[in-house]
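Me: I've got a protein open on my screen and I'd like to walk through it with you. Can we go one question at a time?

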Amino acid sequence: MSEERTHERQNRFSGESIFLTKTEAQEHDKIFYYEYLATLEDKKVGVDGYSKLWDKVRKGIDYFRKNNAEAYMVLLD
């Protein structure tokens, strides 16, 4: 049985929202958690894109491209 889409997430720029499964919501939240940490690390070093955490951000984005293209378009594109 598949998970229900009961976890709402909103695009921080457009305000558009979509409901996700619990697993998708966790993946979404990890993307922004790692983005925050990577940005802090980049600022500390003084080089954009320096942090290896950007790989985790890209992995999360790829998850949505592969598993829920609609959510990717609403939340991450």
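This is a predicted model: local features need pLDDT of at least 70, side-chain atom pairs count only at pLDDT 80 or more; totals for chains, interfaces and linings use all residues.

Me: What pattern does the protein follow along the sequence?

Reply: Helices (H or I, at least four residues) and strands (E, at least two) are DSSP runs, numbered from the N terminus. Here there are three helices and two strands. Reading along the sequence, you get β-β-α-α-α.

Me: What share of the residues is buried?

Reply: The protein has 77 residues. Its C-alpha trace spans about 45 × 25 × 15 Å along the principal axes. The buried share of those residues is 34%.

Me: Which buried residues does H3 have?

Reply: Start with what sits over them: the cover includes strand S1 (7-10), S2, H1 and H2. The buried residues of H3 themselves are Ala 71, Tyr 72, Val 74, Leu 75 and Leu 76.

Me: Which residues touch the most other members of the largest nonpolar core?

Reply: A nonpolar core is a set of buried Ala, Val, Leu, Ile, Met, Phe, Trp, Tyr and Cys residues joined through side-chain atoms within 4.5 Å. The largest one here has 15 residues, and the ones touching the most other members are Leu 20, Phe 64, Leu 75 and Leu 76.

Me: And which element gives the largest share of that core?

Reply: The elements that give two or more residues to this core are strand S2 (17-20), helix H1 (22-45), helix H2 (54-67) and helix H3 (69-76). The largest share is five residues, and it comes from H3.

Me: Which residues is Leu 76 in contact with, beyond its neighbours in sequence?

Reply: Contact means heavy atoms within 4.5 Å. We leave aside neighbours within four places in sequence. That gives Ile 31, Phe 32, Ile 61, Phe 64 and Ala 71.

Me: What kind of pair do the rings of Tyr 63 and Phe 64 make?

Reply: Rings of Phe, Tyr and Trp (its six-membered ring) pair if their centres lie within 6.5 Å; planes under 30 degrees apart count as stacked, over 60 as edge-to-face and the rest as tilted. The structure holds two aromatic pairs. In this one the centres are 5.3 Å apart and the planes are at 85 degrees, so the pair is edge-to-face.

Me: How are H1 and H2 oriented to each other?

Reply: Axes are lines fitted to C-alpha atoms, for helices over the stretch in contact, and angles run from 0 to 180 degrees between N-to-C directions. The axes of H1 and H2 come within 8 Å and cross at roughly 155 degrees. Angles under 35 degrees count as roughly parallel, over 145 as roughly antiparallel, 65 to 115 as roughly perpendicular and the rest as oblique. So H1 and H2 are roughly antiparallel.

Me: How are H2 and H3 oriented to each other?

Reply: Their axes are 5 Å apart, and they pack at an angle of about 135 degrees. Ile 61, Phe 64, Arg 65 and Asn 67 in H2 meet Ala 69, Ala 71, Tyr 72 and Leu 76 in H3. By that angle, H2 and H3 are therefore oblique.

Me: Is Asp 48 buried or exposed?

Reply: Asp 48 lies in the loop between H1 and H2. Its relative accessible area is 74%, so Asp 48 is exposed.

Me: Last one: which residues is Glu 8 in contact with, beyond its neighbours in sequence?

Reply: Glu 8 lies in strand S1, and at 45% relative accessibility it counts as partly exposed. Leaving aside neighbours within four places in sequence, Glu 8 is in contact with Ser 17, Ile 18 and Phe 19.

Note on methods
Residues are numbered from 1 along each chain as its sequence is written. Side-chain values use heavy atoms; hydrogens and water are left out. Buried means under 20% relative accessible area, exposed over 50%, partly exposed in between (1.4 Å probe, protein chains only).
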